[in-house]
Amino acid sequence: MSRPLEKNQSFRESLRHLPDRDGHFGPYGGRFVAETLMGPVEELHAAYERYRRDADFQAELKHDLRDFVGRPSPLYLAERLSSQCKGARIYLKREDLNHTGAHKINNALGQALLAKRMGKTRLIAETGAGQHGVATATVAARFGFECVVYMGAEDMQRQAINVYRMRLLGARVVPVTSGSRTLKDALNEAMRDWVTHVDNTFYIIGTVAGPHPYPMMVRDFHVCIGEETRGQILSAEGRLPSALIACVGGGSNAIGLFHAFLDDPVKLYGVEAGGAGLHTGKHAASLSGGRPGVLHGNRTYLLEDDAGQIRETHSISAGLDYPGVGPEHAWLKDIGRVIYDTITDTEAVQAFHALTRSEGIMPALESSHALAYAMQLAPAMQRDDIIIVNLSGRGDKDIQTVATREGIEL
Amino acid sequence: MSRLAGVFSALKRNRRTALVPYITAGDPHKGATVPFMHTLVEAGADVLELGVPFSDPTADGPVIQQACERALKHGTTLGDVLGMVKEFRSRDARTPVVLMGYLNPLEAFGIGRFAEEVAMAGVDGILTVDMPPEEAEALAGLLRAKGLDCIFLLAPTTTAARLRRICEAASGFVYYVSLKGVTGAASLDVQAVRERFTAIRRETRLPVGVGFGVRDAGSAAQLAGFSDAVIVGSAIVSRIAEHRGELADTLANVREFVHSLRLAMDAV
């Protein structure tokens, strides 16, 4: 689903042609799973290669993206926020207005349609904040799949409302009590479920990580974010933006926005969760504070100790609280195409308030990281510069977290 | 001839099946592992499989996950595991030892240094669960250069094309995962395993072992009827998990269980 190359641009020059046949983005990506999953992963890859070129599949996806998800999502000029920042003008890509309130549904829908064609009857997913779990439970209800969502026991307490939402949608939410009881452990458990029920089960991974083809496939289902944005900004301003900013946990919303712009003269910024600050060790910034390793089926940057054991992470935003990152981001970091930086919990919460008060839009704490970064970048830029922030989700789910942090009892 | 090849050919001459028990290194504590290794050999083990603990063992069921957690709580590192093998070797030069684990701790250690030090410690083979042959070139090359065997998994989901490729890449023995699931899963279908064996035998002259889901003397004996090795992990580790108080009691408990497997397998 990648855009065709510009006429005078050679294939070699494009940054949009990866991964290679075996799923590698430079030294990253690949397929690091136990043998029992290699067959199912190959089967999935073959099915995806077939249906991505299938007109009926693409038509059904396009139809549901429009009528069920509500695409295209608007590109909104945040005038009051921009004037407060006294610099570049800030646009918001409104993924928060999608059905279920985040970009996650683009991918969940795409994979569910694939699962249907592969004859699978059961969907499983992992979730951190609950947004991907809700998106998966939603498409399961939409198409009549059985649905099981794995969620860290710790996260289930932090995100009780999303747990109930998933149950209302008919999903079974299974608490994961192993390891650190958060997103990475939910992923472990989902992989164990998949290996045990490979015949009838489709594992909908929620981010651009995992064994090939997941990083590519999940990206492709989100590339519509950037493709729409490109058209929208060209028609609003007649030119490309100066910079794009998105938050990065696993990195699905960021790659979705960036990919259509990889070959353009546009600065790209990925913002990781700095937690209490990089120097404290309490963060979830695998690109900024980690090193390459192998986890969850791919080679990528990881937060690990000296012995190669995966470290516990911290972020106020459960959706960014993950010790790895998609392999394409690892590659984009190494080649210097995307600049990865961090925003702390405190800065993210300030940005949450700033947007809520200046524009009447309440952003998810994940997206607030990208916003905070835009608010730091904008004042140093010219007034005719344009920044586009991926507002990847809405903040209703985070009201409890913000209130607790500020000592308010609801 | 490698230690593994020597043991398997001796067993074949005597028409016996190898008993390969698995324990996680550092479980329940670092000092217990070497005594467990000797106990397993005394109880009838032909080859030892020693698990290198990892924080995220995605192919393992709850029993071995918890063993990893216990071992990591005591700070067991790959360096410690190599020290344990070295100590074991000072009293046992004969029994092959295979390390089983996940790739990330090996890479953190450095794969060049790893190949060097595992060979020096007296390890015979390496099974890296999350490293299929496609991704194994660099590490496998280093290990082979040191005379170590690279053991790969085969599964019920392995296609014919992959079966061929894996058998070409493997040495020492190949490990057939008897079921779709994680280690220690409940439902082992011996008849289905036997049928797959015919296909595997056609592709390789290496010994073929079976593991995952072997819970008791009965299932071990059934598999011993047609396989070259029976690998038993969770059923042993769950006995170690019961450890309280004296290590001698847990050693005795494990010895008795492994010996019962040996007797059942030899009666076939």
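How do the axes of helix 4 and helix 5 of chain A cross, and within what distance do they come?

**Entry 1: the model.** I noted that this is a predicted model, in which local features need pLDDT of at least 70 and side-chain atom pairs count only at pLDDT 80 or more, while totals for chains, interfaces and linings use all residues. Residues are numbered from 1 along each chain as its sequence is written, chains are lettered from A and ligands numbered from 1 in the order in which they are written, and side-chain values use heavy atoms, without hydrogens and water.

**Entry 2: helices 4 and 5.** I looked up helix 4 (residues 104–117) and helix 5 (residues 131–143) of chain A; their axes come within 9 Å and cross at roughly 40 degrees. That angle makes helix 4 of chain A oblique to helix 5 of chain A, since angles under 35 degrees count as roughly parallel, over 145 as roughly antiparallel, 65 to 115 as roughly perpendicular and the rest as oblique. I recorded the crossing of helix 4 and helix 5 of chain A as right-handed. Among the contacting residues (heavy atoms within 4.5 Å), I listed A:K104, A:L109 and A:K116 from helix 4, and A:H132, A:V139 and A:F143 from helix 5. The residues of this contact between helix 4 and helix 5 of chain A comprise eight nonpolar, five polar and two charged.

**Entry 3: A:K397.** I found A:K397 in the loop between strand 14 (386–391) and helix 15 (399–405) of chain A. A:K397 is buried, with a relative accessible area of 15%; buried means under 20%, exposed over 50% and partly exposed in between, for a 1.4 Å probe and protein chains only. Its side chain makes a polar contact of 2.8 Å with that of A:D398. Beyond neighbours within four places in sequence, A:K397 is in contact with residues including A:Q131, A:Q159 and A:E366. A:Q131 also takes part in the meeting of helix 4 and helix 5 of chain A.

**Entry 4: A:I343.** I located A:I343 in strand 13 (residues 338–344) of chain A. Its relative accessibility is 0%, so A:I343 counts as buried. With residues up to four places away in sequence not counted, A:I343 touches A:V271, A:H369 and A:Y373, among others. I also noted that A:I343 and A:V223 are 120 residues apart in sequence and 25 Å apart in space, C-alpha to C-alpha.

**Entry 5: A:R94.** I found A:R94 in strand 4 (residues 89–94) of chain A. A:R94 is buried, with a relative accessible area of 11%. Leaving aside neighbours within four places in sequence, I listed A:S73, A:P74, A:Y76, A:I361 and A:L391 as its contacts.

Conventions: Axes are lines fitted to C-alpha atoms, for helices over the stretch in contact, and angles run from 0 to 180 degrees between N-to-C directions. Helices (H or I, at least four residues) and strands (E, at least two) are DSSP runs, numbered from the N terminus. A crossing is left-handed if the near helix is turned anticlockwise from the far one by less than a right angle, and right-handed if clockwise. Ala, Val, Leu, Ile, Met, Phe, Trp, Tyr, Cys and Pro count as nonpolar, Asp, Glu, Lys and Arg as charged, and the others, Gly among them, as polar. A polar contact is a pair of N or O atoms within 3.5 Å; within protein, one must be able to donate a hydrogen and the other to accept it, and residues adjacent in sequence count only if both atoms are side-chain atoms.
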